[in-house]
Amino acid sequence: MRPQWLIDLHDECPGSAVVAAALDDALIVEPRDVMTGRWPAVQEGRTVVAYGTMPTMRSLRRVRQLGEAVFDDCTMLRCSFYYRHVYDLLGRTAVLVPFSAVPALPLRRMFDSDQVFIRSDSNYELFPAGVHAIEDLDHWLQTYDQ
């Protein structure tokens, strides 16, 4: 039996809408549902895979029916553990490199774009994630080098 996907549609997690669109039977959780504790009913015994923001994943762990599972410690989860499983759904390419290696990468050639999205591997945001113009990247990298 296929797992039941539970997708947190949230502005802070734009990839969730893309993942939801790629799945034909995903259960959608809106931010107001998370705040009020309205979780969808899931078929008994069906494995649930949740995708969304950190606050939603923390709330989900407290829901008896959904939270009794094997959980990655989402606060300690690293992008390098899960990006390879979701990036094909997002239609994107991910390259995982040490922060210090970014200046040496031929980013325009690698991504055929003038912009790149950079985020920390850790869910503890060591620097703000965001889309950056490659031509302005040197200054941003110097700011967060430490």
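User: Why is Met 110 called partly exposed?

Analyst: In this predicted model, Met 110 has a relative accessible area of 35%. Buried means under 20% and exposed means over 50%, with partly exposed in between, so Met 110 is partly exposed at 35%. The residue lies in helix α6, residues 107-111.

User: What makes the nonpolar surface patch that includes Met 110?

Analyst: Val 95, Val 97 and Met 110 make a patch of about 200 Å². A patch residue needs over 30% relative accessible area; Met 110 has 35%.

User: Why is Asp 112 called exposed?

Analyst: Asp 112 has a relative accessible area of 73%. The cut-off for exposed is over 50%, so Asp 112 is exposed at 73%. Asp 112 is found in the loop between α6 and β4 (115-118). Asp 112 also has a positive phi of about 50°, although this residue is not a glycine.

User: How do you know that strand β1 pairs with β3?

Analyst: Pairing requires at least two bridges between the strands. There are 4 bridges between β1 (residues 4-8) and β3, so the two strands pair. They run parallel. Gln 4 has Val 48 in β3 as its bridge partner.

User: What makes β2 and β3 the edge strands?

Analyst: The open sheet has 3 strands in the order β2-β1-β3, with parallel pairing. β2 (27-29) and β3 (48-51) each pair on one side only. On average, neighbouring strands of this sheet are turned by 20° against each other, direction ignored.

User: Which helix packs on the sheet?

Analyst: Helix α1 (residues 15-22) does, touching β1, β2 and β3. The direction of α1 makes about 150° with that of β1.

Methods:
Residues numbered from 1 in each chain as written. Predicted model: local features only at pLDDT ≥ 70, side-chain atom pairs only at ≥ 80, totals over all residues. Heavy atoms only, no water. Helix = DSSP H or I, 4+ residues; strand = E, 2+ residues; numbered from the N terminus. Axes fitted to C-alpha atoms, helices over the stretch in contact; angles between N-to-C directions. Contact = heavy atoms within 4.5 Å. Patch = residues over 30% accessible without salt bridge, like charges linked within 9 Å, V, L, I, M, F, W, Y side chains within 5 Å. Areas by Shrake-Rupley, 256 points an atom, 1.4 Å probe, with all protein chains shown as cover. Salt bridge = Lys/Arg side-chain N within 4 Å of Asp/Glu carboxyl O. Buried < 20%, exposed > 50% of the residue type's maximum accessible area, 1.4 Å probe, protein only.
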